[in-house]
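The sequence and structure are shown first.

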Amino acid sequence: MKQYVIDASGYQGEIDFKKVKAAGITGVLLKCTEGDSYLAPKFLPNYKKALEAGLRVGAYHFLRAASASEGAREGEWFGKCIEGLTLELGAALDVEHEGVNWDGAKVTPNDACNIVSAFAQGAAKHDRPQLYEEKEMLLYASIDYFKRFLSSPALRAYPTWLANPGKLPYEGAVKLVQYSWSGRVDGVENEVDLNTLYPCAQKVEMTTLNDAPTVFPNGDVPVPPDPIRWHISGTIGCRCIDLTIEQQ
């Protein structure tokens, strides 16, 4: 069963995470670090507030590296900043043109693979070996960047977080799809990115995202009592199980 997740940075201003959860959002990916020395000032306060509100939390790093050695330094910085934190949504690497103009740096797909691998290895040194050894780090990019730079077969092991507000066709498997850059969620001061989270990496027909909501209003609306029912949801492998049993 898919879930809705926001990703947030300082641009979103003050966030009331209890309202966010009441509006129907289940998780948040927070900007944590950038480069090899920047820690987002709102990261730790928002991390604590989001957990207290009962949201699933993840953290992401905004990449600046154009070489493997720079990637390793940035990974170590990110790993240090998330060490000991509870990240149910995991850790993610944000790779985009605004951070790394790999065209200008003449980075090849092989170079890009080495940068990502060095980053994951650096982050893994801080008590998160799964980021490198088991390739559990989410890799965020546009379709263009995945095709031109992040195309190495070695990177397919990392779960994909796809930036795709245009809902363009994509042949690869995805774990998370960013389907809007202008969502509105109760409790968030400014517009916010909206994402659909899947239980495991899978191929997605992007046209189905046309029905995804872009507005999550106040969820504090009285709901009439339902009959007694039991709801079971989960996954077996990549197959979703969603079953409701109602007492007659």
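Which residue forms a salt bridge with Lys-125, and how far apart are the closest N and O atoms?

1. The model is a predicted one. In it, Lys-125 pairs with Glu-76 in a salt bridge, with 3.1 Å between the closest N and O atoms. Distant parts of the chain are linked by this pair: Lys-125 sits in the loop between α4 (109-124) and α5 (130-133), and Glu-76 in helix α3, 49 residues apart. Lys-125 is exposed, at 58% relative accessibility, whereas Glu-76 is partly exposed, at 33%.

2. Another salt bridge joins Asp-103 to Arg-148, the closest N and O atoms being 2.9 Å apart. Here, too, the pair links distant parts of the chain, with Asp-103 in the loop between β5 (90-94) and α4, and Arg-148 in helix α6 (residues 143-148), 45 residues apart. Asp-103 is partly exposed, with a relative accessible area of 41%; Arg-148 is also partly exposed, at 35%.

3. Arg-64 and Glu-34 form a salt bridge through their side chains (2.7 Å, N to O). Arg-64 lies in the loop between β4 (56-62) and α3 (68-82) and Glu-34 in strand β2 (residues 27-34), so this contact ties together parts 30 residues apart in sequence. Glu-34 counts as buried because its relative accessible area is 18%, under the 20% limit; Arg-64, at 38%, is partly exposed. Through shared partners, salt bridges join Lys-31, Glu-34 and Arg-64 into one network.

4. As for the chain as a whole, the count of salt bridges is eight. The secondary structure consists of six helices and twelve strands, and 46% of the 248 residues count as buried.

How values were computed: Residues are numbered from 1 along each chain as its sequence is written. This is a predicted model: local features need pLDDT of at least 70, side-chain atom pairs count only at pLDDT 80 or more; totals for chains, interfaces and linings use all residues. Side-chain values use heavy atoms; hydrogens and water are left out. Helices (H or I, at least four residues) and strands (E, at least two) are DSSP runs, numbered from the N terminus. Buried means under 20% relative accessible area, exposed over 50%, partly exposed in between (1.4 Å probe, protein chains only). A salt bridge is a side-chain nitrogen of Lys or Arg within 4 Å of a carboxyl oxygen of Asp or Glu.
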